[in-house]
Amino acid sequence: WWHECLLGCALMLAVVSGPYIVDAIEGQIFYLMCSYYAAYLITLFVVFGAYVRGLKGCSYRAFVPMALISAALSFCTGMQSLRQTAIMVLPMGIYELARWLPRLPEVAKTLRTLYVYQNTRPLKAVMFRKLEREKGTLLALTVFVSNLLGYGLVKLIDPRSVTIYGEVRGQTALERQENLQTAVRGLQSVTGLKYLNTEGWNGFVGAFCLILLGIVVVAVVLRHRERSRSEGTFVYLDLCLLSLLSVFLISVVTDVALRSIYFFVWYPLAAIAGVAVFRLMKRRGRPVFLTALVVLMAVNLNVSYGECAADALGEAVPPEAEVAQWAVDHGYTIIYGEWNAVTKVAAWSDGQLTAGAWAWTDKLFRPLDYINPLDIYSEADNAKAVHLLLPESRDVSLLHAQMHEVDMHPKAHFIRGETEYMLYTSDSQLMEFTPRYVPNDSKHGTLSP
């Protein structure tokens, strides 16, 4: 079994691929594992594992602890948002519905028998034993109820928060068309298929991801032919496929804001599919399949991670580190600017700089109202702040300041290769922060301490 585990782990690592992975959307898997998103992934692994074991009829001694942990995690992720409902709970519900629909005549007959002979003790014992064999269904119901209870509790408490995943409401035909295009682009990004028809090593990454997609398709085909030989593996495969489909459809037909990372189930799906194909191959074909995958994974990992590792191990100091050192040396504690730039500078300052960032060039000086500090945009804060401007937005930024009758003063200019940063200060506060969440002051207090 150990070689199957190694193959699955290697595949899940290799499927997270993209040229210079640090700046690629696919690299979010690492961000995923060091943020609150990890709660979704851990919960999914725990619940799906308990569910499959419940379907296979494990003992109560093993099942009850798993069920309690699954219920607790589902309750907590339900408190966070409806994401876990789309990623995990809804797919389990669809799978249970598919399991029970063909058995409805049998269920109806059993219920009629129980009604007629309801006072018969032996019949009750038989019914209890039948119910015992449906641990998977019991777990699915427990997870469903726990998840909704968590979501309902947060709605009841109404804590101070900003919702970034949108609302569960219907969409017009035009909105659904736009959502469909966004969802397709999200899948292309996470799967790496967006690199197809590109030149150089980018094309290799796309080809490798296409091979992984082919392995998934083969596993789905084999699922119908060889299901009894690897039942648990194919249940995982079905659940992961349903999870991707659930996120895709919800993001198309509702106002739930899609982020590519919500398709993270693609990573375990590719690994499970590879293990399933490996198990069902003939003994002679396994070494060939394994060797081919190892060679492709080695090249792909070098393309995706090699340059990142070389840069990390190199002695060259990135321009963001120089900007951070300059700002700290000159007494600044806040840096405003574009998200991809100022967050890196703040990281290199080792906590001595706080970043207030905007994300799009058409929203200059309007910081994101989430994943951003809320109380660094006063006039007093501006006296301790420096603006980081990029060449493509410098003229527009200075024009914006001029229109607001605010003078900006150049302080430093950094050019390192293709990277160029310009640092400015302003006489008055230019950041226009309007939080999306307006709190009830009598209940929550003010946003700033």
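Let's start at one residue: setting aside neighbours within four places in sequence, T425 is in contact with Y332, A385, V386, D407, M408, H409 and K411, where contact means heavy atoms within 4.5 Å. T425 sits in strand β7, residues 419-426. With a relative accessible area of 11%, T425 is buried; that word means under 20% relative accessible area, while exposed means over 50% and partly exposed lies in between, using a 1.4 Å probe and protein chains only.

A quick word on what you're looking at. This is a predicted model, in which local features need pLDDT of at least 70 and side-chain atom pairs count only at pLDDT 80 or more, though totals for chains, interfaces and linings use all residues. Residues are numbered from 1 along each chain as its sequence is written, and side-chain values use heavy atoms, with hydrogens and water left out.

Now zoom out. The protein chain has 18 helices and 7 strands; these are DSSP runs numbered from the N terminus, with helices (H or I) of at least four residues and strands (E) of at least two. Of its 449 residues, 43% count as buried. Among contacts in the chain with a separation of 6 or more, 72% are between residues 24 or more positions apart. The accessible surface comes to about 24200 Å², and 62% of that belongs to carbon and sulfur atoms; such areas come from the Shrake-Rupley method with a 1.4 Å probe, and for residues only the protein chains shown count as cover.

What about the inside? In soluble globular proteins, nonpolar side chains tend to be buried together. A nonpolar core here is a set of buried Ala, Val, Leu, Ile, Met, Phe, Trp, Tyr and Cys residues joined through side-chain atoms within 4.5 Å. The largest one has 70 residues, and M88, M92 and W266 have the most contacts inside it. Helix α12 (residues 266-280) gives the most to this core, with 11 residues. Apart from it lies another core of 20 residues, including V342, A346, L388 and A412.

Follow M92 for a moment. Not counting residues up to four places away in sequence, M92 touches V47, F48, Y51, A140 and L239. The axes of α5 (residues 83-100) and α8 (residues 135-157) come within 10 Å and cross at roughly 145°; axes are lines fitted to C-alpha atoms, for helices over the stretch in contact, and angles run from 0 to 180 degrees between N-to-C directions.

Next, helix α10 (residues 200-225), which holds I215. I215 is buried, at 9% relative accessible area. Beyond its neighbours within four places in sequence, I215 is in contact with A273, G274, V277, F289 and L293.

F365 and E405 are not glycines, yet F365 has a positive phi of about 65° and E405 one of about 55°. Buried or exposed: which is F365, in the loop between β4 (354-358) and α16 (379-382)? F365 counts as buried, at 0% relative accessibility. E405, in the loop between α17 (391-403) and β6 (408-416), is exposed, with a relative accessible area of 76%.
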